[in-house]
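This briefing goes through one protein structure by topic. Please look at the sequence and the model before reading the points below.

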Amino acid sequence: RGPRGSACCRATGGRACSACQGGGILNLGGGLAMTDVDVVGNSAGTGGGGICSSGNADATLTRVLVAENIAGSTTPATFGSGGGIQNIQSEMTIVDSTIADNTAVLSRGGGIMNIDVSARPQPPAILTVTGTTIADNLAGDPARVSLNEGSGGGIFNSSGRLLLTNSTLTGNEAVPSYASGFGFIAGTGRGGGLGHQ
């Protein structure tokens, strides 16, 4: 893969409604294979600013750039998880890719959110990341003035299975809670690079 902009395909400028997911790409229960694709500058109201995959879907991303996507909003306040990518009850493999400069507003998983739920029977959420850079993503309030803390600036793994190999997490941020008159609240803003629960 060459420098930004050299991919064979681009998904950019997509907007999903305030109650919707998958600003650039939404994969509901299907098989999705992406190679040499840029997913840049998209937004979604609740999750997966760039890509959302759910419903027992199977997605493979190879040499994909997911950058400058936003999930959620500060005006009005809308919680958005998975600024770049959201994987819900599905299997996703990311190889030799870059997840950078994405934002999960007032929530979790600035770069990637991997979600499994406790209700069974359900398919597991399995996220495999290999040879990938996850950099400069943000979870929380970009203005840093909200009581809502951010968690998992690079990746947030919520009860799913995460396999991370030969990859780099750098420069990601989980913004702590902020109370007017008191400042940042100690013990909040957890998992700058990676959060898991």
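The sulfur of C52 lies 11 Å from the closest cysteine sulfur, that of C20, which is too far for a bond. A disulfide is counted when two cysteine sulfur atoms are within 2.5 Å. The structure is a predicted model, in which local features need pLDDT of at least 70, side-chain atom pairs count only at pLDDT 80 or more, and totals for chains, interfaces and linings use all residues. Residues are numbered from 1 along each chain as its sequence is written, and side-chain values use heavy atoms, with hydrogens and water left out.

**Confidence**

- The mean pLDDT of the chain is 92, and 94% of its residues reach 70 or more; pLDDT is the predictor's confidence in each residue, from 0 to 100.
- Residues 1–5 have a pLDDT below 50. Beyond near neighbours in sequence, this stretch has 14 contacts in the model, a contact being heavy atoms within 4.5 Å.
- Where pLDDT is low, predicted coordinates should not be read in detail.

**Cysteines**

- The structure holds 1 disulfide. C17 and C20 form this bond, with their sulfur atoms 2.0 Å apart.
- The torsion about the S-S bond of C17 and C20 is about 65°, so the disulfide is right-handed.
- C52 is buried, at 0% relative accessible area. Buried means under 20% relative accessible area, exposed means over 50%, and partly exposed is in between (1.4 Å probe, protein chains only).
- C17 is partly exposed at 39%, and C20 is partly exposed at 29%.
- C9 is also partly exposed, with a relative accessibility of 40%.

**Aromatic pair**

- A search of the whole structure finds 1 aromatic pair. Y178 and F184 form this pair, 5.4 Å centre to centre with 75° between the planes, and the arrangement is edge-to-face.
- Rings of Phe, Tyr and Trp (its six-membered ring) pair if their centres lie within 6.5 Å; planes under 30 degrees apart are stacked, over 60 edge-to-face, and the rest tilted.
- Y178 is partly exposed at 26% relative accessible area, and F184 is partly exposed at 47%.

**The six-stranded sheet**

- An open sheet is formed by 6 strands in the order β1-β4-β8-β14-β18-β22, and the pairing is parallel. Strands are DSSP runs (E, at least two residues), numbered from the N terminus, and two strands pair if DSSP finds at least two bridges between them.
- β1 (9–12) and β22 (168–170) are the edge strands, each pairing on one side only.
- From one strand to the next, the twist averages 5°, with axes taken as lines fitted to C-alpha atoms and angles running from 0 to 180 degrees between N-to-C directions.
- β18 (residues 133–135) pairs with β22 in the parallel sense over 3 bridges. A135 has T170 in β22 as its bridge partner.

**Strand β16 and its partners**

- I112 and N114 point one way from β16 (residues 112–115), M113 and I115 point the other way, and all are buried.
- β12 (residues 85–88) runs parallel to β16 and is joined to it by 4 bridges. I88 has I115 in β16 as its bridge partner.
- β20 (residues 155–158) is joined to β16 by 4 bridges, and these strands run parallel. I115 stands opposite S158 in β20.

**Residue A77**

- A77 is found in strand β11 (residues 77–78), and at 55% relative accessibility A77 counts as exposed.
- A77 and T12 are 65 residues apart along the chain, and their C-alpha atoms are separated by 24 Å.
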